[in-house]
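Here is a short report for a reader new to this structure. Please look at the sequence and the model first, then read on.

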Amino acid sequence: MRRLHLAAMTLVLAAPSAAAQSMRPFSTYRQWHGETRIDARLDYAAGGLRLAAGRPSELYRMDVLYDGDRYLPVSDYDAARGGVALGLHASGQRGLRVVSKGRLRQTAAVTFSPKSDLSLDVTLGAVDGDLELGGLRLTDLALEAGASRATVRFSRPNATRCRSATLSAGAAELSVLGLGNSRCDRIAFEGGVGRVTLDFGGTWTSSSSVEVKMALGEVALRLPRQVGVRITLDKFLATFEPVGLVRRGGSYLSPGYDQAARHLDIHVTTAVGGVTVEWLSGER
Amino acid sequence: MPTRRILAALTLGALSVPSAAHAGTRIDPTGSRAVDLVHGFWTLVSEVRGSPDAGDGAQEPHPTPQALAPAPPSEPPVSLDDLSKPITMESRLRAALRPRKGGARVTVPGGTARLGDFSIGSNESVTGHLLVVQGTADVYGKLLGNLVTVEGDVVLHPGGVVSGDILTFGGEVRDEGGEIGGEVRTFRSSSVLRALVRTEPAAPSAVATVFRRVAGVVGVFLTLGALGFGLVMFGRPNLEVVSDTISHSFARSFATGLLGQLLLLPTFGMLVVGLILSVIGIVLLPFAVVVYVLLVIIAAVGGYLAVAHAMGETYTRRRLALGALIGSPNSYRYLIVGLGALAAFWMAWSIFGWVPIAGDLIRGAAILVTWLLGTAGFGAALLSRAGIRPNFAGRLIPPEALTDEYLWATPQFGVTAAKRPGSRTPTRGL
C-alpha cells in the first residue's frame, strides 16, 4: 500500500515538471531612450495574449511563456526605422504528443511605452486576446485575426490622433469597445464568418467614418447618443433592425443628426446574417 | 490516518501548482497597476513553471573566474554580432560548449569569453562583445558591445552601460539603474550547458531493445485481448458471424476490406459535403464525423479480433479432430490462441529485429501479415454488417433452427429428406 502511495505521489509531482519541460519563459524589452515613434508588428500564432500600455521607461516589453517544441519567440528591433517585430512564430515542428492541451497553453503579455507614438500591426492566429489600447499614443492600428476570440478596448482616450484603424477577422469573434476613445479618423472592419461587436462608446472629439464589411455573421453596433449617427446599408440576405433611427433616403439617421457637432457615418455591407443596433446605456 | 491526510494535502498542493500559474494570466491592464500585475504574473509564471534549470540550476556554485580558451581553428567561431535570433544562438553555444577534453573552449570574434563571475569596474570600459558562462556579469562601468550570459545573471548597476544587446540563457537581467542601448532578451531556462554535465546518450543495447519491444508487443496484445474478452462477453454472436465470414469467405472478405480502405476517405468526404449541402445537416456534422471515425475503428479492431477468433477456432478444431483433449473449446480460448499466433509475428521481430537485414525482413513480414489479416477482418466486418448478416458465414440454416427437436424429427439425408416439402433453403447469397 505504501508503495502504491509513493508511486501515485511520484506521478502527481512529476506531472507538472514534465509539462514544463517544453514550456519556456522568455522576456524581451528595450529601454526608452527618447524615441518619439515606434512601428510595432506583433505576430502571435496561438495562445492567450494581453496587450496594454506599459512602463514609460520601457519602449516595449514582451513576457511570454511558450511551447519550445512548436514555437519560436520573435523579438527584433530595427533602430534605423524605429520598428520592432514581436510575437511567436510556429517553428514547423509537428507530431503527436500525449500532453494535455491546457498544460501547453501559451501566454504573452505585451506592453508599449505611453510616451512614444505607436503604429501597431497585429496578426493573431488562434488566440484568445485582450488588447487594451487606451492610454497609448496610437497613430495607426491594423489588426488581423484568424480563428481568434479577441477584445480590443479603448478604456481611456487615445493620447494622440489616430489616422486609421483597420480590423479584419476570418472566423473570429471580435469585440471592439470604446471606439469613441480611439480618436481614429477612419475605422474599417472586414469580417468573414463570426460575430463582431463595434462599441462606439467613449469620448468623441472628432467626426469619424466607419466601413464595415461582413460576409456571414452578426454585426452588433453599439451607438452613442452624443454624436450624430448615419448608417447606410448594403445587404443581401441580412436583417437589420433600425432601432431609434429614422430613415431618410437610403440612410438611417439618429434624431438630430444634422445639428450634431460631430458625426459618425457607418457604412455596412453584409451578405448573410444580421445587423443589430443597440444604444449605449445612459446614452438615451 | 495522518499519513493519508499529508498525502492528500501534498497531492492537492502539487495539482494546484499549474492552476496557480494560470490564475495569474488574467489582468486588467490599465495604468501602472496593470503593469505591476503583468510583471507580477510574469514573476509567478517564471518561478512556478520554469524548468528545473530556472529553479535550481542557476544557484549552483560558479566556477573559478577565468578566460575561456579559444576553440581550435577547425571549429566555427560563435559570433555575438547579431542576437536577434536567440534560438539559433542557443544551438551554436550548445555546440561550442559541448564537453571536451581540457574543458570548454570557444572563440568569440571581436570579443571575449569568460567562465565564472565577471565584473566590469566603474572606471573600466570594455570594447567588444562579452560572453560569460556559468557566472554573473556585474556591470558597473561600460561595455561597448553585446553581452551574452549562459547560466548566469546580468546585474546592471547604477551608472553601468551596455551599449548593445543583452541575451541571457538560464539567468535574468537585473537593471538597477544602468543603461542598455540595445534589446534585452531573457530565457530563464536553458539547455545550453546540459551537454557539459551529460554525456551523449549511448545507443540502447540489443538486450534493452529486445526488452522494450517485447514489452510493447505484450502490451498491445494484452490490450487487444482485453477488448476481445469484452467482445466475447457482450457480443459473441456478432463476433462469431464475422469470424465465420472470414473462415468461409476469406478472399471475398479481403477484397471487400481492400475496397473499403480505398473508399474510406471518399465516403467521408461525401458524408461531410452531403451534410453541408443539406444545410440542416451542418448541425449534425460534428457528431457524424465522430460516429464515422468510431465506426471505422470498431470495424478495424473488431475485424482483427475476429481474425484471431477464426484462427484460434480453426486450430482448435483441427486438434480436436486429431483426438487431442482440449479442456474448454470456447470463444475465449479461440481468441487467446488466435491472438497468440498473431503476436508470434511481432514477437519474432521483437527478439530478432536487431539483426541487420533479417530484422527488417521480419518486421516487413509482420507488417504485411498484419495488414493482410486486418484487411480481411475489416472486410468481413463490412460484409457481415458487424456480424448482423450471416450470408457469407457458411451457415446454411440459421443456428437457432438447429435444435435437437429439429435434428431428431427432420430427416437430413436420403430420399425422405429430398422429398420433404419446403426443404432447407440455403441462406447464402440472400
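B:L372 sits in helix α10 of chain B. Helices here are DSSP runs of H or I with at least four residues, strands are runs of E with at least two, and both are numbered from the N terminus. B:L372 counts as partly exposed because its relative accessibility is 33%. The classes are buried (under 20% relative accessible area), exposed (over 50%) and partly exposed in between, with a 1.4 Å probe and protein chains only.

The model is predicted: local features need pLDDT of at least 70, side-chain atom pairs count only at pLDDT 80 or more, and totals for chains, interfaces and linings use all residues. Residues are numbered from 1 along each chain as its sequence is written, chains are lettered from A and ligands numbered from 1 in the order in which they are written, and side-chain values use heavy atoms, with hydrogens and water left out.

## The nonpolar patch

Which residues make the nonpolar surface patch? They are B:L258, B:L259, B:L262, B:L263, B:L368, B:W371 and B:L372, and the patch covers about 650 Å². Patch residues have over 30% relative accessible area and no salt bridge; like charges are joined within 9 Å, and nonpolar side chains (Val, Leu, Ile, Met, Phe, Trp, Tyr) within 5 Å. A salt bridge is a side-chain nitrogen of Lys or Arg within 4 Å of a carboxyl oxygen of Asp or Glu.

Two helices of chain B, α7 (250-277) and α10 (358-383), each supply at least two residues of this patch. α7(B) gives the most, with 4 residues.

## Chain B as a whole

Chain B has 12 helices and 14 strands. Of its 430 residues, 38% are buried. Its accessible surface comes to about 23600 Å², and carbon and sulfur atoms hold 67% of that. Areas come from the Shrake-Rupley method with a 1.4 Å probe; for residues, only the protein chains shown count as cover.

## The second largest pocket

The second largest pocket has a volume of about 480 Å³. A pocket is found on a 1 Å grid over the protein atoms alone: it is an open set of points where a 1.4 Å probe fits, with protein on both sides within 12 Å along at least five of seven lines, and lining residues have an atom within 4 Å of a point. Grid points are joined across faces, edges and corners, and the volume is the space filled by probe spheres set on the points.

The lining holds 24 residues, and B:L295, B:A299, B:A381, B:L382 and B:A386 lie nearest the centre. In chain B, α6 (206-248), α7, α8 (285-321) and α10 each supply at least two lining residues. The largest share, 8 residues, comes from α8(B).

## Positive phi angles

B:R385 is not a glycine, yet its phi is positive, about 50°. B:R385 lies in the loop between α10 and α11 (404-409) of chain B. It is partly exposed, at 45% relative accessible area.

A:R183 also has a positive phi, near 60°. Its loop runs between β10 (162-177) and β11 (184-199) of chain A. A:R183 is partly exposed, at 26%.

Is A:L253 buried or exposed? A:L253 is buried, because its relative accessible area is 5%. It belongs to strand β15 (residues 251-253) of chain A.

A:G92 is in the loop between β5 (83-90) and β6 (107-112) of chain A. A:G92 is exposed, with a relative accessible area of 55%.
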